[in-house]
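Please read these points beside the coordinates.

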Amino acid sequence: MKKFNRFFDEFLKKEPLFLNKEVLQSFYTPDDISHRDSQIKEVANVLAPALRMESPSNLFIYGKTGSGKTLVTRYVTSLMKKTAEKNKINLKVFYLNCKLKKVADTEYRLMAQLAKEFGKAVPSTGLPTDEVYTIFYEALDSQEQLFILILDEIDQLVKKAGDDILYNLTRINAELKKSKLSIIGISNDLVFVDSLDPRVKSSLSEEEVLFPPYNALQIQDILKKRSTKAFKKNTVAAGVIEKCSAYAAREHGDARRALELMRVAGELAERQCLEKIEIKHIDEAEEKIERDRVLDITLNQPKQFQVVLYAIVLLSEKRRNIFTGEIYEIYKKICSEIKLRPLTQRRVSDMLAELDMMGIINAKIISKGRYGRTREITLSIAQSTIPKIKEVLDKSFGLK
DNA sequence: AGGTATTCACATGAAACTATTCTCTGAGTTAGG
DNA sequence: TAACTCAGAGAATAGTTTCATGTGAATACCTGT
């Protein structure tokens, strides 16, 4: 124990590299947003009528992840809110991320959130959905006001709950007497609108704004600006920012990812008690982010899911390409070992599809002609994290 | 040889079922007047 | 009679199961040369 005595003293003595870590976090909103001027202008143009108490058109915003959609939207609306306050305009803006589990990923929960925004608490279950609708509707129409609803990752909502919700929401506007509602939908699925019901499509996307990905130079610029705020002077080695933006640009210009890389790299360097962030930290950071993501997913999945993954890990130790049937066999064996009732192959098949979606495995449907059709599966995690995953899974169901 | 027809081993889809959590309602019960 | 209790009906949701149907191409099977 003695050797830890001075741990915290040492810790305090260490020079932190960070000046302000928040700057690199995803929810941070800088005062000036670079390289998105035209988008800001477009969004502002569409929404501006709200300040004259005219209902603005519904707006649909799309672009890849990390292209600044959410950032710009929040920025513009917060400016509007300020102006509205000054001029005593009753304007409400409500931001909702539809992807958040247990918050707004179903019709019911979405409406419940909205109702809650108006101070009407709605239980998490037990009520019929249309009643929640009525509650929201009445709360909204109880006074004269403009309500701007921002639905982030709206594609997730539609995928899970269908587009009826959107239809209902756009229609609600026609029934409102005193207030007005307009919807801003944000999606990173570029072809999402086309899959919508034509009626919904036409009313939701009266206006559209496209956010192109940042290019490598723009990302570099953003990184530079932010890292001067985030880190102390002379703590970032030459070439680090370039490398970082190159990484991010490779992935369709995802600025969020670049910032995260920077932050994690900084944390790593700090933990190693170094005075500078070196290029190698970027590589380490990338690995760490990936590993954390995979481990996080693994741990938060239900047991059955973990068993399936375990079976895949075991099998892929022997061979590179494995098939659904083999996985299912192994899976059943493990289940009986740990006394778990195995699920049907149908379900396991879905799980494999999900693992594929999450990027943990790589599944390709191939036809082996006479010998059937199946998924050809490879593990798509870095070699270095495989043992870790195995270890975690071993522990999780007390095997070996 | 060239052209169909089969067939495998799953994939994919839809509907229905299970279990859990929660509300609301109304019948029955209780306590006080 | 008003207030209270409590069981039962009904909802939402996640996770499955059941049943049904789809599918790409390596083989098997013909067919006429």
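**Notes on the predicted model**

1. DNA strand B has 18 residues around it, and T324, R346, R370, G372 and R375 come nearest. Here a residue is near a strand if one of its heavy atoms lies within 4 Å of it. This is a predicted model, in which local features need pLDDT of at least 70 and side-chain atom pairs count only at pLDDT 80 or more, while totals for chains, interfaces and linings use all residues. Residues are numbered from 1 along each chain as its sequence is written, chains are lettered from A and ligands numbered from 1 in the order in which they are written, and side-chain values use heavy atoms, with hydrogens and water left out.

2. What part of DNA strand B comes within 4 Å of the protein? Sugar or phosphate supplies 71% of those atoms, and bases supply the rest. The residues of this surface divide into 4 nonpolar, 10 polar and 4 charged.

3. Polar contacts to DNA strand B come next. The term means a pair of N or O atoms within 3.5 Å; within protein, one must be able to donate a hydrogen and the other to accept it, and residues adjacent in sequence count only if both atoms are side-chain atoms. T324 places a polar side-chain atom 2.8 Å from a phosphate oxygen of DNA strand B. The side chain of S349 has an N or O atom 2.9 Å from a phosphate oxygen of DNA strand B. G372 reaches a base: one of its polar backbone atoms is 2.8 Å from a base oxygen of DNA strand B.

4. Which elements each supply at least two residues of the surface near DNA strand B? They are α14 (324-337), α15 (345-357) and β8 (373-379). Helices (H or I, at least four residues) and strands (E, at least two) are DSSP runs, numbered from the N terminus.

5. DNA strand C is surrounded by 23 residues, the closest being T106, R109, T129, T344 and R347. Of the atoms of DNA strand C within 4 Å of the protein, 71% are sugar and phosphate. The largest share, 3 residues, is from α15.

6. Distances to DNA strand C follow. From T129, a polar side-chain atom lies 2.4 Å from a phosphate oxygen of DNA strand C. For T344, the corresponding side-chain distance to a phosphate oxygen of DNA strand C is 2.6 Å. L127 uses a polar backbone atom, 3.4 Å from a sugar or linking oxygen of DNA strand C.

7. Turn to the sheet that contains β8. Three strands form an open antiparallel sheet, ordered β6-β8-β7. β6 (322-323) and β7 (361-367) are the edges; each has a single partner strand, so one side of each lacks a neighbour in the sheet. Between β7 and β8 there are 7 bridges, in the antiparallel sense. Two strands pair if DSSP finds at least two bridges between them. In β8, I377 stands opposite A363.

8. Is strand β4 (residues 180-187) enclosed or open? Of its 8 residues, 7 are buried, so β4 is largely enclosed by the rest of the structure. Buried means under 20% relative accessible area, exposed over 50%, and partly exposed in between (1.4 Å probe, protein chains only). Strand β3 (residues 146-152) runs parallel to β4 over 6 bridges, with L146 partnered by K180. Strand β1 (residues 59-63) also runs parallel to β4, joined by 4 bridges. There, F60 is opposite G185.

9. Helix α13 (residues 303-318) has 16 residues and spans 24 Å from first C-alpha to last, close to the expected 22 Å. That expectation is 1.5 Å times one less than the number of residues. Its buried residues include F305, L309 and I312. V307, in α13, is buried at a relative accessible area of 0%.

10. E15 sits in the loop between α1 (7-13) and α2 (37-47). At 57% relative accessibility, E15 is exposed. E15 and E275 are 260 residues apart in sequence, yet 7.9 Å apart C-alpha to C-alpha.

Conventions
Ala, Val, Leu, Ile, Met, Phe, Trp, Tyr, Cys and Pro count as nonpolar, Asp, Glu, Lys and Arg as charged, and the others, Gly among them, as polar.
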